[in-house]
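Biologist: Could we go through the side-chain packing of this model together, one question at a time?

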Amino acid sequence: MANLSGSGMNPPWSLDQLPPAILATIMTKLDVTSICSAASTCRAFRSCASCIFAFMPNFHLLDIGPSIDLLRPLLMPLNPYLRSLKVDCTRMDDSSLSYIIRPSLQELCLHNCADFSGKVLSLIGQTCKDLRFLYLSSVAEKRGRSIDVSDLEELLLGCTQLEVLILMFDVSIFSRHNFTRIWSMVSPKLTSLEIGFISSVMVTELLSPATGSYQIPQLMQQSKFPGIQKLCLSVDYITDTMVSTISKCLASLIHLDLRDSPIMEPRIAFDLTNIGLQQINSHGKLKHLSLVRSQEIFPTYFKRVNDLGILLMAQKCASMESFSLGGFCQVTDTGFKTILHSCANLYKLRVSRGTHLTDLIFHDIAATSLSLTHVSLRWCNLLTNLAVTRLAFNRDLVVLDMRDCRNLGDNALRAISTLPKLKTLLMDGSDITDMGLCHLRKGVMSTLVTLSVRGCKRLTDKCISFLFSDSSNRGLKELDLSNLPNLSDAGILLLAKSHIPLFELRLRQCPLIGDTSVMALASMKVKENGWQGSSLRLLDLYNCGGITQLAYRWLKKPYFPRLRWLGISCSMNRDAVDCLTRNRPLVHIAYRGEELGIDQWENLDDLYMHDYEEVDEFEQWLLEGDSDSDEEMREAEFIEGHPE
């Protein structure tokens with residue numbers, strides 16, 4: 001570079017000197033949040049970001065819930081090239097629809113649409129004629145919002161290219177007759193259908209071939225959904241009639257996921273029995289099957305299914321690749337072993353509330369050709385360390401979920417430590433100790449991404465030192481230490497000193513966790529792949545016994561710059577919580593005890609790691625002039641310390 005006249009110094013180098021094409025090429029590799037962060041650093045990046053948003057094909061912003069005022073400058077001017085839009089609509093209503101629903105869209109995911117009315121359905125049908133993928137959750141759940149079957153009808157009538165439809169809300173509010181009628185208009189290209197809640201009677205009527213004297217006989221047995229390959233439904237009751245109808249009418253079905261939550265003990269006409277189980281996979285194409293009875297509302301099981309039903313079903317399921325069975329209290333080791341020995345391609349096995357499941361299920365697993373990668377055995381209290389020891393012969397395990405198996409102890413961890421590919425380990429409610437976790441440090445900690453020991457009462461602060469005494473566990477991103485009565489601030493200080501770049505940390509209902517832990521985590525510095533500062537995106541401190549007013553000062557900006565989910569208790573000072581909410585509007589703050597995180601359908605995106613600065617420039621760029629909240633926080637603290 002040429003010297004300045006009259007001096008030997010080089011002129012200051014600026015990003016403005018880079019060709020715009022190079023800047024654009026670099027920034028198109030980033031996600032939306034990262035582009036916004038870069039735009040706040042200099043004029044050249046801001047100008048380049050504005051140009052990129054004008055032709056960006058994918059706009060995905062799910063880690064925050066922006067208002068339309070924040071979203072409008074990002075989605076404007078109108079982008080004719082936009083093909084995929086994924087947004088959290090928590091802070092939006094019907095007035096936002098004209099900005100987010102575009103004719104060019106082929107993929108649309110709108111999460112948390114509680115403040116939208118049924119207009120969102122009709123407008124999508126009117127506007128998005130080329131839509132292939134649609135996800136909508138919680139539509140019109142807020143009081144005062146309404147939705148009509150005509151809105152759904154307009155959606156189905158307009159989106160003739162739809163291939164995947166996910167409606168995560170209650171459709172049982174619609175008239176059964178009208179609901180069944182409008183599905184005759186659904187796109188013939190539909191291959192995947194998922195519904196948040198629907199009654200079993202509506203499912204049967206929906207899938208049953210149309211009948212009537214006015215119809216041509218050749219069309220009477222024609223299915224409304226000839227191309228459906230994936231069906232996921234949450235219903236009131238899983239019944240023989242519904243299962244039989246699904247099996248007979250969906251000839252191309254590959255993936256079937258049914259979950260029910262009975263409000264009372266079901267009568268035989270509204271229950272699943274051995275007879276219904278025999279009807280599954282009548283066309284022989286099924287690869288994935290999930291039948292789960294939830295006890296969320298009423299404690300009940302599939303009491304009319306036993307080993308014989310599983311045996312008869314397994315005869316048709318030799319090509320199955322994954323099984324998920326929940327609430328089959330009459331099925332014993334004999335039934336579950338039938339699945340293991342009949343399905344040579346099985347890689348995923350999930351059993352919950354298997355009250356008769358014992359160690360015998362894995363007695364001879366080493367003699368099989370199975371290569372299980374995902375195993376979940378939850379609420380199976382007869383399992384002991386021996387079952388895990390035998391299961392560990394399956395060296396390809398990636399996910400192991402043994403939550404609420406209370407008889408598992410340190411010997412189980414010793415066996416688990418030999419698994420070379422394990423990434424997720426969930427041991428909630430087990431009988432493990434600090435010394436048991438030492439086995440993990442010697443083995444799988446180098447590969448683990450997620451570890452949960454929630455409710456393991458025997459763990460103390462020493463478990464932190466045993467887990468993080470060296471740098472072999474830098475890949476751990478999610479850690480759940482909730483409900484540990486002997487975990488104190490001293491343990492969290494050890495965790496902060498380890499500089500592990502965690503994304504999620506859950507500490508709810510730990511009575512000895514207090515302000516010191518919050519200060520230590522806020523001050524924790526990690527340096528990973530160029531990152532500086534705290535890496536936490538989720539922090540759950542709900543009902544921690546030692547949290548006082550002081551901790552709220554450390555939860556506001558600029559601390560925890562990457563935080564997107566925060567769980568706290570508001571019983572101490574609701575004014576302080578409100579001030580914190582205004583101080584960090586882009587953070588999901590939960591104070592009623594609800595579990596933090598995203599729902600199962602939001603895992604469509606892969607984890608995307610990108611750079612952040614010490615202060616979150618994304619919030620700084622979108623929310624300028626936010627100094628009032630500091631005064632509000634101090635005022636709330638004054639009120640707390642000087643009650644009338």
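Biologist: Is Phe225 buried or exposed?

Modeller: This is a predicted model, in which local features need pLDDT of at least 70, side-chain atom pairs count only at pLDDT 80 or more, and totals for chains, interfaces and linings use all residues. Residues are numbered from 1 along each chain as its sequence is written, and side-chain values use heavy atoms, leaving out hydrogens and water. Buried means under 20% relative accessible area, exposed over 50% and partly exposed in between (1.4 Å probe, protein chains only). Because its relative accessible area is 3%, Phe225 is buried.

Biologist: How are the planes of Phe174 and Phe179 arranged, stacked or edge-to-face?

Modeller: Rings of Phe, Tyr and Trp (its six-membered ring) pair if their centres lie within 6.5 Å, with planes under 30 degrees apart counted as stacked, over 60 as edge-to-face and the rest as tilted. The ring centres of Phe174 and Phe179 are 6.2 Å apart and the planes lie at 15°, so the pair is stacked.

Biologist: What is the angle between the planes of Trp183 and Phe225?

Modeller: Trp183 is buried, at 0% relative accessible area. Phe174, Phe179, Trp183 and Phe225 form one aromatic cluster. Within the pair of Trp183 and Phe225, which is tilted, the centres are 5.8 Å apart and the angle between the planes is 55°.

Biologist: Is Met264 buried or partly exposed?

Modeller: Met264 belongs to a nonpolar patch on the surface together with Ile263 and Ile297. With a relative accessible area of 47%, Met264 is partly exposed.

Key
Patch = residues over 30% accessible without salt bridge, like charges linked within 9 Å, V, L, I, M, F, W, Y side chains within 5 Å. Areas by Shrake-Rupley, 256 points an atom, 1.4 Å probe, with all protein chains shown as cover. Salt bridge = Lys/Arg side-chain N within 4 Å of Asp/Glu carboxyl O.
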